[in-house]
Amino acid sequence: MEAPKELRYSQEHEWVLVEEENLATIGITDYAQDQLGDVVFVELPEPDAQLTQDEPFGVVESVKAVSDIYAPVSGTVKEVNTELLNTPETINEDPYGDAWLVQVEMNDPEELDALMTAEEYERFVEEEQEDADE
Amino acid sequence: MEANRTPLYQVHRSLGARMIEFGGWQMPVHYTGILAEHRAVRAQVGLFDLSHMGEIEIAGPRAYAVCQELFVTDIARIRIMQAQYSVMCYADGGIVDDVIIYRLAEERYLVCVNAANRATDYGWMAEHNRGRADLIDRSDEYALVAIQGPQAQAILSQLTSHDLSAIRRYWATQGEVAGVPTLVARTGYTGEDGFELFVPAERAERVWQACGAVGRASNIVPVGLGARDTLRLEAGYLLYGNDIDTRTTPLEAGLQRLVHFEAGSFVGSEALRKQQTDGIEKQLVGIKMEGAGIPRHGYTIWSGDQEVGVVTSGTQSPMLGVGIALGYVPPSCADSGTPLAVAIRNRYIPAVVVKPPFYRRSK
């Protein structure tokens, strides 16, 4: 499993990248796409939609399962990666790159403090896997 | 309770399969990915471990009579070494299980049953057998390996001296595969040509590895239950527990062709005869999405502003690239071409009734 250092991670397996002060790019993690399997459908919000931290804002579907995507931070949707609607398999191929989902103007950057670092996330996933193996 | 392991469990682990529990068994759901495995079976060939399936033998001088009573299909029509898809019903017409009956001899039948129903089926058979025939659960003795896809015959013919081209669809033969005594059946659940190999459990790995080795030149891949499900749904095959169960009858499920009233009474024949006279209230149909969205088990089906039914199986068809489903609707909504909608997350996505199979292989 890959977890780039510059990102922050949620317990629901979304990542956040903050490049400019209030602008957050959101996607799902490598671990999440691997657990899902082949992604065949994506549902994303419209621009200007309001996201609330820990609330679902979109859906990814693999062949077998439907999964909600949870907002790792609250804010207003500025950009939507509409390319994914036609090529959902990008989520399996490049979860941290071309498969970004939305870009959000954050309401409260302090919400980022509730997210995990890459190291914390790796440990979190290891524990989740151990639980699953029991 | 710990889930059962098939004789090929370690093989799956070493192939890096992702395992799930299914019908009380630890089974591979996929190895590399459902889509790749699905496409491999359609384009070349795939290898399946189906050893979780049950095999119950009905034999002895009264076996024919017992089978006539248990199954809705006329057993007299099944020739020796022929295979027949059928169902067992309860007295009310609800389905106990769907099975494949292999007639191995005049009075010897091997019934392949769903893994999760094995105990129920055996109990049901025993109840109606009333000691007449020998009823033997051989599930632990057999492993079941399926090789499915357009290259299946070419590969398997390298492992047996038997002329496979002489085995027609839904026929079988006793032979040897890779030196292992095998019931070779030209049956399957994928919509492709292929074979199902009933082999002694302790020799399963040899047959599996031999198929893999010989198939390497044809890019054979192991296929898990995930692709097995998408393949069978594209081919329009039913899944017990989803599309049929104790609350559905063969007439509702579109299996009229299996029900032979003229062969005499069988368990459920009275109820089914009555239903045939009175008419059915729900009917299994194929549904193809016309808008973006994947129909799933349990989603509701709508005609205008009326909820008319429910999806029993659904997926995104890997070959067609659209959502496909099976579901029950009233007969008034069941004609091909009827416009319907499937409710997906509170939106009504347009769909249309089609006659399965959704995908048909090119000859």
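In chain B, six strands form an open sheet with mixed pairing, in the order S11-S12-S13-S10-S4-S14. Its edges are formed by strand S11 (172-177) and strand S14 (221-222) of chain B, each of which pairs on one side only. The model described here is predicted. Within the sheet, strand S4 (residues 46-49) of chain B is antiparallel to strand S10 (residues 142-148) of chain B, and four bridges connect the two. Asp49(B) has Val145(B) in S10(B) as its bridge partner. Helix H2(B) packs on this sheet, where it touches S4, S10 and S14 of chain B. The direction of H2(B) makes about 115° with that of S4(B).

Helix H2(B) also packs against helix H7(B): the two axes come within 8 Å and cross at roughly 55°. H2(B) is therefore oblique to H7(B). The crossing in which H2(B) passes H7(B) is right-handed. From H2(B), the contact involves Ile34(B), Glu37(B), His38(B) and Val41(B), while H7(B) contributes Gly226(B), Ala227(B), Thr230(B) and Leu231(B).

S16(B) runs antiparallel to S17(B), to which four bridges join it. In this pairing, Thr300(B) lies opposite Val310(B) of S17(B). S16(B) and S17(B) form a hairpin with two residues between the strands, in which Gly304(B) takes a positive phi near 60°. S16(B) is also paired in the antiparallel sense with strand S19 (residues 339-344) of chain B, over two bridges. Here Trp302(B) is placed opposite Ala341(B) in S19(B).

The contact between the chains takes nine residues from chain A and 11 residues from chain B. On the side of chain B that touches chain A, helix H2 (34-43), helix H7 (225-234) and strand S17 (306-316) of chain B each supply at least two residues. The residues of this side of chain B divide into three nonpolar, six polar and two charged. Among the elements of this side, H2(B) and H7(B) are the pair whose axes cross at roughly 55°, and S17(B) is the strand joined to S16(B) by four bridges.

Terms used
Residues are numbered from 1 along each chain as its sequence is written. Chains are lettered from A and ligands numbered from 1 in the order in which they are written. This is a predicted model: local features need pLDDT of at least 70, side-chain atom pairs count only at pLDDT 80 or more; totals for chains, interfaces and linings use all residues. Two residues are in contact if their C-beta atoms, placed from the backbone, lie within 7 Å. Ala, Val, Leu, Ile, Met, Phe, Trp, Tyr, Cys and Pro count as nonpolar, Asp, Glu, Lys and Arg as charged, and the others, Gly among them, as polar. Two strands pair if DSSP finds at least two bridges between them. Axes are lines fitted to C-alpha atoms, for helices over the stretch in contact, and angles run from 0 to 180 degrees between N-to-C directions. Angles under 35 degrees count as roughly parallel, over 145 as roughly antiparallel, 65 to 115 as roughly perpendicular and the rest as oblique. A crossing is left-handed if the near helix is turned anticlockwise from the far one by less than a right angle, and right-handed if clockwise.
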